[in-house]
Amino acid sequence: MNRHIIPIDASNLPDLLKVAEEVNTTKTPRLIKRNGEALALLMPAGRGEKRENLPQKRTIWTHYNPQQVKAALRDSKGALQGVNREKLLSDLAEQRGQESTGRPF
């Protein structure tokens, strides 16, 4: 991939200019598609903003806090005390086998 960006003068391309101005104003990237296929990504130019200052993609680890997890595990100790293990496992297996079509997640 070529790291040198070739500029395009949008002065005579009013549709492109309108979208580019929107991206610049809102600071929100836009994905350009044709027939459902991604062609290009139009990004706001900014002032050389560093990658670490941009919003990060959220993952299951985004707000992970190992101390909170350990505390929650400690607090749940004994929660199933007195529960019939065989009955619980049997009930879970039965429920997993039920039809779930149409039910909300």
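The paragraphs below walk through a predicted model of one protein chain, from its overall make-up to a few local details.

The protein chain contains three helices and two strands, and from the N terminus on these elements follow one another in the order α-β-β-α-α. Of its 105 residues, 2% count as buried, and the chain exposes about 10,800 Å², of which carbon and sulfur atoms supply 54%.

Helix 1 takes up residues 14-26, and its end C-alpha atoms lie 18 Å apart, which agrees with the 18 Å that its 13 residues should span at 1.5 Å a residue. Just after helix 1 comes lysine 27, whose phi is positive at about 60°, and this residue lies in the loop between helix 1 and strand 1. Most residues other than glycine have a negative phi, and it is against this background that the value at lysine 27, positive in a residue other than glycine, can be read.

The two strands come next. Strand 1 (residues 30-34) and strand 2 (residues 37-42) run antiparallel and are joined by five bridges; within this pairing, isoleucine 32 has alanine 40 in strand 2 as its bridge partner. The hairpin has two residues between the strands, and there asparagine 35 takes a positive phi near 50°, again in a residue other than glycine. Is asparagine 35 buried or exposed? With a relative accessibility of 81%, asparagine 35 counts as exposed, because the exposed class begins over 50%.

The reason lies in the cut-off, because a residue must be over 50% to count as exposed.

Helix 3 covers residues 85-96, and its twelve residues reach 17 Å from the first C-alpha to the last, close to the 16 Å expected at 1.5 Å a residue. Where helix 3 starts, asparagine 84 places a side-chain oxygen within 3.1 Å of the backbone nitrogen of glutamate 86.

Definitions and conventions
Residues numbered from 1 in each chain as written. Predicted model: local features only at pLDDT ≥ 70, side-chain atom pairs only at ≥ 80, totals over all residues. Heavy atoms only, no water. Helix = DSSP H or I, 4+ residues; strand = E, 2+ residues; numbered from the N terminus. Buried < 20%, exposed > 50% of the residue type's maximum accessible area, 1.4 Å probe, protein only. Areas by Shrake-Rupley, 256 points an atom, 1.4 Å probe, with all protein chains shown as cover. Pairing = 2+ DSSP bridges. Expected span 1.5 Å × (residues − 1). Polar contact = N/O pair within 3.5 Å; in protein donor to acceptor, adjacent residues only side chain to side chain.
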